[in-house]
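Have the chain in view as you read.

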Amino acid sequence: MISSPAIHTDTAVLGLGIDAGGTQTRWALATADGVIVADGAVEGLSALQMSSAAGRAAVLATFTRLCQAVLAVGRPRAVVAGLTGFGGDDAVLAHTLAALLALDAADVSIGNDIEIAYRDSFAPGEGYLVYAGTGSIAAWIDTDGVFHRAGGRGVLLDDGGGGYWIAREALRHIWRREDEAPGSWQASPMAEAVFAHVGGSDWSLSRAFMYGEDRGTIGRLALAVAATAGSDPLALDILQRAGQELARLALALTARHGPRPVVLAGRAAQLHPAIASAMRAALPVSLTMEQKVARSHEAAAQVAARTASQGGGKD
């Protein structure tokens with residue numbers, strides 16, 4: 001956690017921003033003038049977990065750890081949170097956060113994590129955000145505030161180019177090669193790195209990993225793929241195809257709504273330069289593209305702090 005000694009958080013009007021994804025949940029505290037006074041991270045979560053008792057318990061535990069860290073710095077007066085998988089129909093999440101922070105539920109605003117990420121890059125109507133985290137999605141918010149999307153259908157359906165997709169492609173190729181030539185993994189730097197990550201080369205370990213771990217944990221296997229892209233042509237090919245998948249999302253929005261600038265963001269997009277390079281190569285030269293490091297939790301904190309300073313949050 002990072003804090004600023006120049007800000008007296010016991011008296012400042014603070015806003016809390018939360019950006020929850022499959023791999024991690026980041027938070028930040030901001031003052032009304034936009035200064036970030038503290039930030040941190042806990043494990044990932046998804047609004048989709050609210051569909052089961054075990055999932056709800058996991059979300060509560062994660063929120064509890066997050067709020068304990070926040071309250072050690074200061075109590076926010078308003079919260080803006082973006083959660084992956086959020087569909088706009090779960091008031092329990094807002095009430096849970098409000099109770100943990102001793103706020104009214106009206107002081108907690110929860111939306112989709114991609115909407116927050118979009119506003120960190122563009123004003124409504126300006127451009128297209130392609131976001132690659134555990135999953136992948138492209139977003140455009142028009143001047144009327146309507147959210148338009150391409151992709152983001154979940155890792156079981158698609159989410160091409162995201163961390164989970166990269167991990168799944170790696171294991172798929174490794175085991176297909178093992179079907180054809182058992183033991184061939186020993187000549188592949190990518191396979192060696194992947195098997196080291198999952199605990200060994202026995203199929204039972206890969207099976208337990210893919211079918212027993214959560215989507216965020218599986219997505220982190222993409223780190224092993226990226227680490228071997230310089231020594232294994234197959235790893236490089238997977239990353240390049242990830243970039244092409246992300247380009248497809250931008251092209252889908254362009255076909256529907258016309259050409260606009262494109263921003264690529266998300267932790268998976270930062271795994272290796274080959275991803276952004278392949279995406280750029282798959283887009284028309286007339287379409288501008290920029291890669292940036294998303295600071296969605298900070299943007300959300302600044303919005304929350306402004307809301308609180310304008311009377312939207314209560315003492």
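Buried means under 20% relative accessible area, exposed means over 50%, and partly exposed lies in between (1.4 Å probe, protein chains only). This is a predicted model, where local features need pLDDT of at least 70, side-chain atom pairs count only at pLDDT 80 or more, and totals for chains, interfaces and linings use all residues. Residues are numbered from 1 along each chain as its sequence is written, and side-chain values use heavy atoms, leaving out hydrogens and water.

T62 has a relative accessible area of 4%, so T62 is buried. You'll find T62 in helix 1 (residues 53-71); helices are DSSP runs of H or I, at least four residues, numbered from the N terminus. Skipping neighbours within four places in sequence, T62 is in contact (heavy atoms within 4.5 Å) with T25, V42, E43, G44 and L45.

Now for two helix pairs. Axes are lines fitted to C-alpha atoms over the stretch in contact, with angles from 0 to 180 degrees between N-to-C directions.

| Pair | Axes | Angle |
|---|---|---|
| helix 9 (residues 233-257) and helix 10 (residues 273-282) | within 7 Å | roughly 45° |
| helix 5 (residues 189-198) and helix 6 (residues 203-212) | 9 Å apart | about 70° |

Helix 5 is therefore roughly perpendicular to helix 6, as angles of 65 to 115 degrees count as roughly perpendicular, under 35 as roughly parallel, over 145 as roughly antiparallel and the rest as oblique. On the helix 5 side, F195, H197 and V198 meet L205, S206 and F209 of helix 6.

Conventions. Helices (H or I, at least four residues) and strands (E, at least two) are DSSP runs, numbered from the N terminus.
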